[in-house]
Amino acid sequence: MENGRKCPSCGGTMIFEPGWDSLLCQSCGYKEIIPELVSKIPVQEMDFLSAQNTASHDWGMEAKVVQCRHCGAQTIQNKLQLSGLCPFCGSTTVETADPEKDIMAPNGIIPFKITEKRAFYIFKEWIKDRSLAPGKLAANADLKKFYGIYVPLFTFDVLTVNRYTGKYNTAEGVRFKSGKYQFQVDDFPVVASRQLSSDRLLQSVVKDYWTKEARPYTPDALAGFPCEHYSIGLKEAWNSSGEELYKYLKRETENHESKGTYLDAEIATDYFDLKYKYLIVPVWLNSFEYDNRLYTVVINGQTGKINGQWPKSFGTFLLKAVDLLL
Ligand SMILES: [Zn+2]
Ligand SMILES: [Zn+2]
């Protein structure tokens with residue numbers, strides 16, 4: 001795949017090498033460290049309220065939006081890159097969508113640590129542990145390759161003041177307690193991909209990154225890897241965090257204020273100084289069709305955590321298919 005970066009040694013195509021924070025020439029093996037990724041520079045927190053005026057739209061490359069006609073997923077690719085398969089459904093019916101004026105650019109990236117080979121190994125171990133009831137092998141069953149793709153993730157920092165009223169049990173009966181607990185929320189994640197956030201299993205993988213290891217965005221890390229265009233915008237992401245954020249704040253407040261009892265609290269929260277980071281984070285995706293249903297398995301490209309759906313009668317076949325690929 002092209003990404004506009006040529007090898008200074010032989011002119012070949014350089015692509016990002018998972019696990020090495022570097023670009024690797026496909027022809028001669030020349031390697032180049034990507035300075036942003038090996039730096040210790042943290043990703044800048046951005047002010048939420050002024051996001052419209054301050055967010056960057058500079059991808060550091062000529063970007064185009066590619067849309068899948070089969071499942072609707074939108075990915076951002078370098079203009080020079082040939083559009084191949086849709087990483088979400090494997091369909092070849094991808095087309096360049098109308099150019100959009102303001103595609104907000106990420107301000108941070110978590111680079112791939114897990115290689116494709118390692119992803120297959122993780123998948124193999126995982127599918128081994130699923131139900132392996134031997135079933136019929138459908139003719140259309142096809143285990144495609146893993147697709148490496150960056151997906152969008154917003155994280156939020158916010159100062160919270162939580163007023164609570166709660167109850168707890170004592171030997172003498174139920175007691176009531178109320179008060180205020182103030183604390184800073186750090187890197188609360190909201191998946192900005194509708195494709196992945198609509199499924200609880202997939203979302204659990206895409207939420208779970210060591211965000212402190214994110215580095216300032218650089219287009220070099222996208223060499224050879226497409227990036228999904230966020231389908232949930234910044235404001236929508238913050239608004240949609242409500243229920244889960246409430247559960248998190250409630251739990252933190254209860255833990256802090258319980259003082260050895262079991263406190264069950266209702267809370268009301270005021271938010272101050274809301275900040276965000278727009279990160280793109282690595283996943284290995286595998287989608288396959290079986291009995292006219294699309295199954296997706298996703299592996300966290302940083303931690304190796306895996307989850308997804310699988311046809312219950314399919315395990316043995318998959319295992320064989322993976323054996324052939326390894
Ligand atoms: Zn080279
Ligand atoms: Zn698709």
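This is a predicted model: local features need pLDDT of at least 70, side-chain atom pairs count only at pLDDT 80 or more; totals for chains, interfaces and linings use all residues.
Which glycine takes a positive phi in the hairpin of β1 and β2, and how many residues lie between the strands? The residue is G19, whose phi is near 90°, and four residues separate the two strands of that hairpin. Residues are numbered from 1 along each chain as its sequence is written, and chains are lettered from A and ligands numbered from 1 in the order in which they are written.

The chain as a whole has eight helices and 15 strands, where helices are DSSP runs of H or I with at least four residues, strands are DSSP runs of E with at least two, and both are numbered from the N terminus. Of its 326 residues, 36% are buried; a residue is called buried if 20 or more other C-beta atoms lie within 10 Å of its own, exposed if there are 12 or fewer, and partly exposed in between, with the C-beta atoms placed from the backbone. Contacts are counted between residues whose C-beta atoms, again placed from the backbone, lie within 7 Å. Among the contacts in the chain with a separation of 6 or more, 72% are between residues 24 or more positions apart.

Three strands form an open sheet in the order β1-β2-β3, and the pairing is antiparallel; two strands are said to pair if DSSP finds at least two bridges between them. The strands β1 (14–17) and β3 (31–33) stand at the edges with a single partner strand each, so one side of each is left without a neighbour in the sheet. Neighbouring strands of this sheet are turned by 30° against each other on average, direction ignored, the axes being lines fitted to C-alpha atoms, for helices over the stretch in contact, with angles that run from 0 to 180 degrees between N-to-C directions.

Four bridges join β1 to β2, and M14 has C25 in β2 as its bridge partner. In the loop between these two strands lies D21, whose phi is near 50°, a positive value in a residue other than glycine. D21 is buried, because 20 other C-beta atoms lie within 10 Å of its own.

Strand β6 (residues 74–78) is largely enclosed by the rest of the structure, because five of its five residues are buried. It is also joined by two bridges to β12 (residues 227–228), which runs antiparallel to β6, and here T75 has E228 as its bridge partner.

Strand β10 (residues 173–191) contains F183 and also D187. F183 counts as partly exposed because it has 13 C-beta neighbours inside 10 Å, and, leaving aside neighbours within four places in sequence, F183 is in contact with T160 and E252. The C-alpha atoms of F183 and T160 are separated by 5.5 Å, although the two residues are 23 residues apart along the chain. D187 has a positive phi of about 55° although it is not a glycine, and D187 is partly exposed, with 18 other C-beta atoms within 10 Å.

The last topic is the nonpolar interior. A nonpolar core is a set of buried Ala, Val, Leu, Ile, Met, Phe, Trp, Tyr and Cys residues joined through C-beta atoms within 7 Å. The largest such core has 65 residues, of which V151, F154, V206, L279, V281 and V298 touch the most other members. Leaving aside neighbours within four places in sequence, the contacts of V298 include L196, L202, V205, V206, V283 and L285. A second, separate core has five residues, among them Y164, L263, A265 and I267.

Technical notes
Two residues are in contact if their C-beta atoms, placed from the backbone, lie within 7 Å.
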